[in-house]
Amino acid sequence: YGSESLISTVFDRAAPFWTYQIKKMYIRYFAWNFIGKGTTLGADRYIVETFSPRGLYYLPFLLGSFGVFYHFKKDWKRAIAVMAMFIIMGLALVIYLNQPDPQPRERDYVYVGNFFAFAIWIGIAVTGLFDYAGKMIKNMPGMKNLVFGGLAGVVFIMGPFIEYKHNFHSHDRRGAYMPYDYSYNLLQSCEPNSMLFTNGDNDTFPLWYLQEVEGVRKDISIINLSLLNTPWYIKQLKQMDNPVPISFSDDRIDQLIGAIQWTEQTIKLPVPAEVYNEMIKEVHSSVNLEPIDAPVSIDFTVKPTYMQNYLRIQDLMIVNILFANNWKRPVYFAMTIPTENKLGLDRNLSLRGLASKVVPYPGAHLNADVLKENMLTKFQYRRLNDPDVFQDRQCVDLYQNIRFSFYQAADFYSRKSANFRTDSLEYSNELKQNALEILDFMMEVVPDEVVPFQNHLLLARIGQIYSENGRPEILEQVLESLVDRPGVHKTTQIEIAKLYSLNLKNDAKAIEICKRVIEENPGDVNGFSILITLLEQSRNWKEGIEWIDKWLAINPNDNNAKLIKNRFTQRLAQTDTTKNK
C-alpha cells in the first residue's frame, strides 16, 4: 500500500480540512448521535445539515456537556484519560485518515470510539445530577424519594428514551431481507457453472456468504474486480475447487504489480462456430441471426484505464480469463459494475436479471424471455412492499437496479408488440400482456409508495408503457404522483407535460406544468418551446403572445420568438375578425 510520512499526513490534506474533513465528516456525525439528525439531501445525496435538533433536541449533548464539567471537577486525572480517548478517536483520527472528497458512503461508524467516550460523560452526568440534587435536599429527607424519582424520570427521557424513540426504526433489521435476496437474485441471474464478475465489497461479500454458509449456487465462480489487481487473489482463483481459467503462470502473476503501459487496442475474441450457433438459439425471435460455418470473433476496444497511459491489472485479467475460457463456461458481469470497468464489451452483454451475459453477437442488450422468467419466477423480493421495514439509502439505490431490469423487459415486449404485423393480432396481444404482467408484478413487489423511485423519468416511462398497452388510467395516476413530488427535475417535468398532452390529451394540465417550470426557470428554452407549442395547439393565441413577451423581455434578440409572435398576432386578428362577422 505504500507509506506516507506523518508530516505529509498532517499537512497535505486530501480535501478541505475544516469544511469537509472536520465539519462534514466528523462534527456532522457527532451531532447525529447527540444533537439530532437532519433530513435534507444535497447534490451529493449526503445529509446537508451539520446541526439539526430533529429527534434528539440537543438533550443528550447537554447531558454529556454537563458530564465533562462534572468529571473534570471531581476527578480531573481520569477525566483527562477519557478526554484523550475522545480526541484521539475524533479530531486526531480526522487528521490521520485524511479522507478525500467524495466518499462512497457516510462514514459515521469511523468515529464510534469518540462517541463511546462522550457516552461515558453522559453516564457521569447522571451521577453528577444526583450528587447535586442530594446536596440540595440534604436538609429535606422527606423529599428524597420524590426528587430522585422525578430526576430519574427526566434523565431517562433525556437519554435512553429519546435515543431509542429517534433511532430504533432506522436500526431495526427485522424483515430487512434485501442484502440476502439481492445477492440471491444476482446468483440466480446466472446459468449453471458460470463465472460472475463483481465490482467490490458490497456485491461480493454477501455472495460469498450465500455460497459458503447457505450453500447457494456454489457452481458459480465469483471474480471480484477490485481484488483482481492483486497477485495472491489471482492465484487463489486458479486454485479453487472450480478453478477460473487463467493462462498466466504463477511466476508471471507475481510480476503483475501496479499497472502496465497500454495504448488503445481492439481485441478480437474468437468464437467457434458451434458455440455461436448454440448461443443464438436462445435469442428472442425478433433478432435475425443465422447459423455460421466458420469461426467469427467479437471485437471490443480496450482503452487505457489508469492515468491515460496504463491498464489496470484487473482489466488485463478480464481479457486473459475470456481468452483462457474460450466460451467453455458462461461469463456474466454484475449490473453494479460501471461501464468503464467492462472494457468496451457493452455491445456483447445480454441482460438476464441483475447480471448481463457475454454473448458472441452484438447489440443483444437483453434476453426478454429469460429476463422475465428470472424476475417473475426465480427471484426473491421478501417484504420490499412492507412500509414497516426500514430501507436505508444503499438498499434503495440497489432497488433501482431491480426496477431497471423489470422496465427493460416490459419495454422490449411493448415495443415489439407495437411494431408487429397487424395480421398477427393474437401474438401482438400476447406481447402486450407480457409487458403488463411484468409491470404489475414490479408495482406489487417494489411499490413506489414504499421504495420511492429515484429516477422519476423512468417512473413516467413505465406509466407510458401502461398507457400504450391499454391502461391509460395507470399513466394518469403516475403523473399525478409526480406533479407535486419534491425533487422532480425540470427536464422530467417537461416530459410529464408531454405525456399529459400526447397520451392523455390533457393540454390544459400540460400547459399548467410548463408554466410552473418557466416561472421557476425563466430562461428554460425547452420549457418555453413546449409551452408555446401547446398554446398553439390549443389555439390560445392571446396567452401565447403574453408568454412570448415575457420571454423577449429577457431574450430580446431571439428572432425566432419574434417570428412566432407575429404568427400568433395574425392568428389572433383572424380569430377576432371571424368573431365580429
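## Strand pairing and its surroundings

Reply: Met 195 stands opposite Val 331 in S7. The model is a predicted one, in which local features need pLDDT of at least 70 and side-chain atom pairs count only at pLDDT 80 or more, while totals for chains, interfaces and linings use all residues. Residues are numbered from 1 along each chain as its sequence is written, and side-chain values use heavy atoms, with hydrogens and water left out.

The facing pair belongs to the contact between strand S1 (residues 195-198) and strand S7 (residues 331-334), which run parallel and are joined by three bridges. Strands (E, at least two residues) and helices (H or I, at least four) are DSSP runs numbered from the N terminus, and two strands pair if DSSP finds at least two bridges between them. Five strands make up an open sheet with mixed pairing, in the order S2-S1-S7-S9-S8. Strand S2 (221-224) and strand S8 (349-351) are its edges, each pairing on one side only. From one strand to the next, the twist averages 30°; axes are lines fitted to C-alpha atoms, for helices over the stretch in contact, and angles between N-to-C directions run from 0 to 180 degrees.

Turning to the cysteines, the structure holds zero disulfides, a disulfide being a pair of cysteine sulfur atoms within 2.5 Å. Cys 395 is buried at a relative accessible area of 13%, and Cys 514 is buried at 0%. Buried stands for under 20% relative accessible area, exposed for over 50%, and partly exposed for what lies in between (1.4 Å probe, protein chains only).

Helix H4 (76-88) and helix H6 (112-136) each supply at least two residues of the patch, and H6 gives the most, with three. Met 89 lies in the loop between H4 and helix H5 (91-97) and, at 31% relative accessibility, counts as partly exposed.

In one of them, the closest N and O atoms of Asp 448 and Arg 485 are 2.5 Å apart. Asp 448 is in the loop between helix H16 (425-445) and helix H17 (456-468) and Arg 485 in the loop between helix H18 (472-483) and helix H19 (490-502), so this pair ties together parts 37 residues apart in sequence. Asp 448 is buried at 12% relative accessibility, and Arg 485 is buried at 19%.

Salt bridges also link Asp 411, Arg 415, Arg 461 and Glu 468 in a network. Within this group, the side chains of Glu 468 and Arg 461 meet at 3.6 Å, N to O. Glu 468 counts as partly exposed at 39% relative accessibility, whereas Arg 461 counts as buried at 19%. Elsewhere, Glu 278 forms a salt bridge with Lys 281, their closest N and O atoms being 3.3 Å apart, and Lys 281 is exposed at 63%.

Methods: Salt bridge = Lys/Arg side-chain N within 4 Å of Asp/Glu carboxyl O.
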